[in-house]
Amino acid sequence: MGGFASTEEYIAVLLDIDLIAEVVAEDPQGKFYNLNELFDKVNHEYFAASLTKPSLPVFLYH
């Protein structure tokens, strides 16, 4: 992997997003699917469990 995703600029943007996020989703269980279970299954079956689980910021709109 490489390209833009490995640049300092991209990493800085990710850090900014993490700092902006006020709430972290702790429960990936939706109405129909558990995203942790799906990620783990796909990661194991297609990527030999080599992927790191992403963390997606949750933004609240008031």
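Asn 43 lies in helix α2, where helices (H or I, at least four residues) and strands (E, at least two) are DSSP runs numbered from the N terminus. With a relative accessible area of 6%, Asn 43 is buried, a class defined as under 20% relative accessible area, with exposed meaning over 50% and partly exposed in between (1.4 Å probe, protein chains only). When residues up to four places away in sequence are not counted, Asn 43 touches Ala 48, Ala 49, Ser 50 and Leu 51, contact meaning heavy atoms within 4.5 Å. One of these partners, Ala 48, follows α2 and has a positive phi, near 50°.

The model is predicted, so that local features need pLDDT of at least 70 and side-chain atom pairs count only at pLDDT 80 or more, whereas totals for chains, interfaces and linings use all residues. Residues are numbered from 1 along each chain as its sequence is written, and side-chain values use heavy atoms, with hydrogens and water left out.

The protein chain has 2 helices and 2 strands, and from the N terminus on its elements run α-β-α-β. Of the 62 residues of the protein chain, 6% count as buried. The accessible surface of the chain comes to about 5,900 Å², of which 61% belongs to carbon and sulfur atoms; accessible areas come from the Shrake-Rupley method with a 1.4 Å probe, and for residues only the protein chains shown count as cover.

Helix α2 comprises residues 35-47. Its 13 residues, at 1.5 Å a residue, should span 18 Å, and the end C-alpha atoms are 17 Å apart, which agrees; the expected span is 1.5 Å times one less than the number of residues in the helix. Asn 34 lies in the loop between β1 (23-24) and α2 and counts as buried, because its relative accessibility is 16%. At the start of α2, a side-chain oxygen of Asn 34 reaches to within 2.8 Å of the backbone nitrogen of Asn 36, and the side chain of Asn 34 also reaches the backbone nitrogen of Glu 37 at 3.1 Å. For such polar contacts, a pair of N or O atoms must lie within 3.5 Å; within protein, one must be able to donate a hydrogen and the other to accept it, and residues adjacent in sequence count only if both atoms are side-chain atoms.

Thr 7 lies in the segment before α1 (8-20), and its side chain reaches the backbone nitrogen of Tyr 10 at 3.2 Å. Thr 7 counts as partly exposed, because its relative accessibility is 28%.

The structure holds 1 salt bridge, defined as a side-chain nitrogen of Lys or Arg within 4 Å of a carboxyl oxygen of Asp or Glu. Lys 53 forms this salt bridge with Asp 40, the closest N and O atoms being 3.4 Å apart. The pair links distant parts of the chain, with Lys 53 in the loop between α2 and β2 (57-58) and Asp 40 in helix α2, 13 residues apart. Lys 53 is partly exposed, with a relative accessible area of 39%, and Asp 40 counts as partly exposed at 40%.

A nonpolar surface patch of about 500 Å² is made by Phe 32, Tyr 33, Leu 35 and Leu 38. Patches are made of residues with over 30% relative accessible area and no salt bridge, like charges being joined within 9 Å and nonpolar side chains (Val, Leu, Ile, Met, Phe, Trp, Tyr) within 5 Å. Leu 38, placed in helix α2, counts as partly exposed at 39% relative accessibility.
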